[in-house]
Amino acid sequence: MAKHRKDRDSWGEWSLSDKHVYDWSSEEEEPDGRARPVQVLLVKDDHTFELDEAALSRILLAEEVRDREVVAISVAGAFRKGKSFLMDFMLRYMYNHASEGWLGDNEEPLTGFSWRGGSERETTGIQIWSEVFLVDKPDGRKVAVLLMDTQGTFDSQSTLRDSATVFALSTMISSMQVYNISQNVQEDDLQHLQLFTEYGRLAMEETFLKPFQSMIFLVRDWSFPYEFSYGQEGGMKFLEKRLKISENQHEELQNVRKHIHSCFTNISCFLMPHPGLKVATNPHFDGRIAEIDGDFLNNLKVLVPWLLSPRSIDVKEINGSKITCRGLLEYFKAYIKIYQGEELPHPKSMLQATAEANNLAAVAAAKDLYNKKMEEVCGGDRPFLAPSELQARHSVIREEALQVFRGVKKMGGEEFSRRYLQQLEGEIDEVFVQYIKHNDSKNIFHAARTPATLFVVIFVMYVAAGITGFVGVDIIASLCNMILGLALITLCTWAYIRYSGEYRELGAVIDQVAGALWDQGSTNEALYKLYNVAANHRHLYHHAFPGPQVEEVAEEQDKKRD
């Protein structure tokens with residue numbers, strides 16, 4: 001029965017014997033000189049990325065290839081869909097020098113990149129075949145061909161950012177990206193391609209050219225050959241229909257298709273049949289072509305040469321310049337540094353993106369309510385409101401705004417919404433500070449704080465200078481006169497700044513100094529201190545500054561004594 005069948009991959013991803021499974025890094029040597037897959041990009045348990053520069057340098061800086069123009073071919077797509085299985089047939093083609101019998105013996109097991117069946121992922125990060133192939137192009141140039149296998153997207157252990165980074169990086173590095181898709185090109189396949197390529201384009205320098213080169217849609221297990229035939233011709237007709245933009249399409253669908261067309265220089269498609277029931281149901285399948293369906297093999301003989309023949313391969317170009325193996329190494333290192341940092345935004349799942357938009361909309365609605373009601377309280381031409389009353393009104397309106405946020409139905413759950421609630425509270429408090437300043441600006445006494453403070457300083461210094469001059473402390477009297485003159489100049493400067501609007505920074509400094517003096521004590525306390533000074537030293541003051549009234553009082557006192 002169907003429920004007892006194992007989770008299979010129609011490409012035949014079943015495990016090889018242990019002797020064919022390679023795991024070679026920069027810390028290991030090739031004991032027998034055989035080529036093997038090399039892990040160059042590692043995805044760590046904490047979902048960070050590490051480039052094995054030593055292993056990559058060993059491949060790309062080999063003397064015979066380092067200055068050759070490079071052709072980088074990569075296969076990417078969802079996990080457990082036979083990408084490594086396909087890569088091994090591509091290796092067999094390259095090693096057999098594109099001869100007619102490149103598929104090899106019917107009973108020969110398929111070796112190369114590690115592949116196996118089952119529901120768990122096999123490839124992680126990015127692997128590169130350790131041998132770079134030298135191929136003569138029709139124009140006589142000898143180019144280096146690099147084969148890359150990538151971690152499948154959307155497995156149970158990878159985040160969306162992991163999948164996006166691996167797919168984007170392989171697309172940025174490769175001159176031909178094979179997008180391995182199961183059964184059909186669905187809308188979510190196109191949307192994921194849009195997301196991944198945009199994530200890659202963000203990391204690249206801006207250019208007027210299309211950022212990526214060739215994209216091959218490889219549709220496996222194609223079940224509708226009566227609509228579109230197997231192979232490239234049927235694939236191109238099918239893809240043309242899938243990527244067609246029409247006026248009656250929704251804007252979202254149009255944008256996806258426009259984006260894909262804007263990213264790639266060449267876009268094509270190949271439809272592949274199912275490899276057969278023996279491949280899908282035999283747990284001991286090891287890649288022998290004798291067990292693979294004939295239709296699949298016939299189309300495989302067309303697909304692989306179509307991808308890898310000297311006439312088909314394209315040299316890697318970036319911003320119109322052809323790249324060598326040495327240059328590709330530098331781009332690899334530069335790109336991975338970008339993805340290791342925090343410069344790029346993290347891609348989000350559809351649920352997370354929708355939940356964020358939903359919560360942000362609730363925040364905006366709550367803030368709008370708060371602003372509207374606070375404007376009615378103290379905004380615009382509304383008269384000055386006592387600070388205590390303003391604080392009370394703010395508290396009531398703030399709570400109403402928070403209730404509006406809580407009352408909106410939001411996606412993501414309570415835990416997810418809590419940080420947006422905290423964000424709303426912080427933004428409301430920031431806006432309230434602005435309303436306090438706006439309200440204070442309507443208080444005539446608050447507006448006159450700076451000149452009032454300067455007048456008090458001038459008056460105090462005038463009195464102090466008179467007293468200290470009378471008692472003979474000339475140094476202090478001179479110091480008080482200097483401060484008095486400075487305060488007078490400051491007052492005149494402040495008045496000019498207020499009138500002309502020039503030197504606003506200087507005016508702000510004067511207001512800050514005056515505010516600091518004001519905060520040392522209230523106006524009543526200052527006036528009270530001035531009154532005490534004047535009362536306690538009135539006779540000294542009169543002697544220092546004699547006038548008609550003083551002389552008349554003295555004459556009256558003399559008469560009384562007589």
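Buried here means a relative accessible area under 20%. F270, at 1% relative accessibility, therefore counts as buried. All views below show a predicted model.

**View 1. Overall content of the predicted model.**
The protein holds 19 helices and 11 strands. It has 562 residues, and 42% of them count as buried. Take the contacts with a separation of 6 or more: residues 24 or more positions apart account for 77% of them.

**View 2. F270 and W306 pair across the chain.**
The rings of F270 and W306 form a tilted aromatic pair. Their centres lie 5.6 Å apart, with 35° between the planes. The pair links distant parts of the chain. F270 belongs to strand β9 (residues 264-271). W306 belongs to helix α8 (residues 294-308), and 36 residues separate the two partners. F270 is buried, at 1% relative accessibility.

**View 3. An aromatic cluster around F224 and Y226.**
W222, F224, Y226, F228 and F238 form one aromatic cluster. Which geometry do the rings of F224 and Y226 adopt? Their centres are 6.2 Å apart and their planes meet at 90°, so the pair is edge-to-face. F224 counts as partly exposed, at 28% relative accessibility. Y226 is exposed, with a relative accessible area of 63%.

Helix α1 covers residues 53-60. Its buried residues are A55, L56, I59 and L60. These four cover an arc of only 120° around the axis, which puts them on the same side of α1. What do they pack against? The partners are strands β1 (37-43), β2 (49-51), β4 (126-129) and β6 (142-150), together with helix α9 (325-340).

**View 4. Helix α9, seen down its axis.**
Helix α9 has 16 residues. At 1.5 Å a residue it should span 22 Å, and its end C-alpha atoms are 23 Å apart, which agrees. Seven names make up its buried set: C325, L328, L329, F332, Y335, I336 and Y339. C325 has a relative accessible area of 0%. The buried residues of α1 pack against this helix.

A disulfide is a covalent bond between the sulfur atoms of two cysteines. C492 counts as partly exposed, at 49% relative accessibility.

Most residues other than glycine have a negative phi. Q183 has a positive value, near 70°. It lies in the loop between β7 (176-182) and α4 (187-203). Q183 is partly exposed, with a relative accessible area of 47%. D221 also has a positive phi, of about 55°, although it is not a glycine. The loop that holds D221 runs between β8 (212-220) and α5 (232-242). D221 counts as buried, at 6% relative accessibility.

**View 5. L277 and D293 across a chain segment.**
L277 lies in helix α7 (residues 277-281). The residue is exposed, with a relative accessible area of 64%. Where along the chain is D293 relative to L277? The two are 16 residues apart. Their C-alpha atoms are separated by 8.0 Å.

Helix α12 (residues 413-440) has 28 residues. From first C-alpha to last it reaches 41 Å, close to the 40 Å expected at 1.5 Å a residue. Its buried residues include F416, S417, Y420, L421 and L424. Also buried in α12 are I428, F432, Y435, N439 and D440. The charged end of R419 sits over the ring of F416. That charged end is 4.9 Å from the ring centre.

Key
Residues are numbered from 1 along each chain as its sequence is written. This is a predicted model: local features need pLDDT of at least 70, side-chain atom pairs count only at pLDDT 80 or more; totals for chains, interfaces and linings use all residues. Side-chain values use heavy atoms; hydrogens and water are left out. Buried means under 20% relative accessible area, exposed over 50%, partly exposed in between (1.4 Å probe, protein chains only). Helices (H or I, at least four residues) and strands (E, at least two) are DSSP runs, numbered from the N terminus. The arc is that of the directions from the helix axis to the C-beta atoms. Contact means heavy atoms within 4.5 Å. The expected span of a helix is 1.5 Å times one less than its number of residues. Rings of Phe, Tyr and Trp (its six-membered ring) pair if their centres lie within 6.5 Å; planes under 30 degrees apart count as stacked, over 60 as edge-to-face and the rest as tilted. A charge sits over a ring if NZ of Lys or CZ of Arg is within 6 Å of the ring centre and within 35 degrees of the ring normal.
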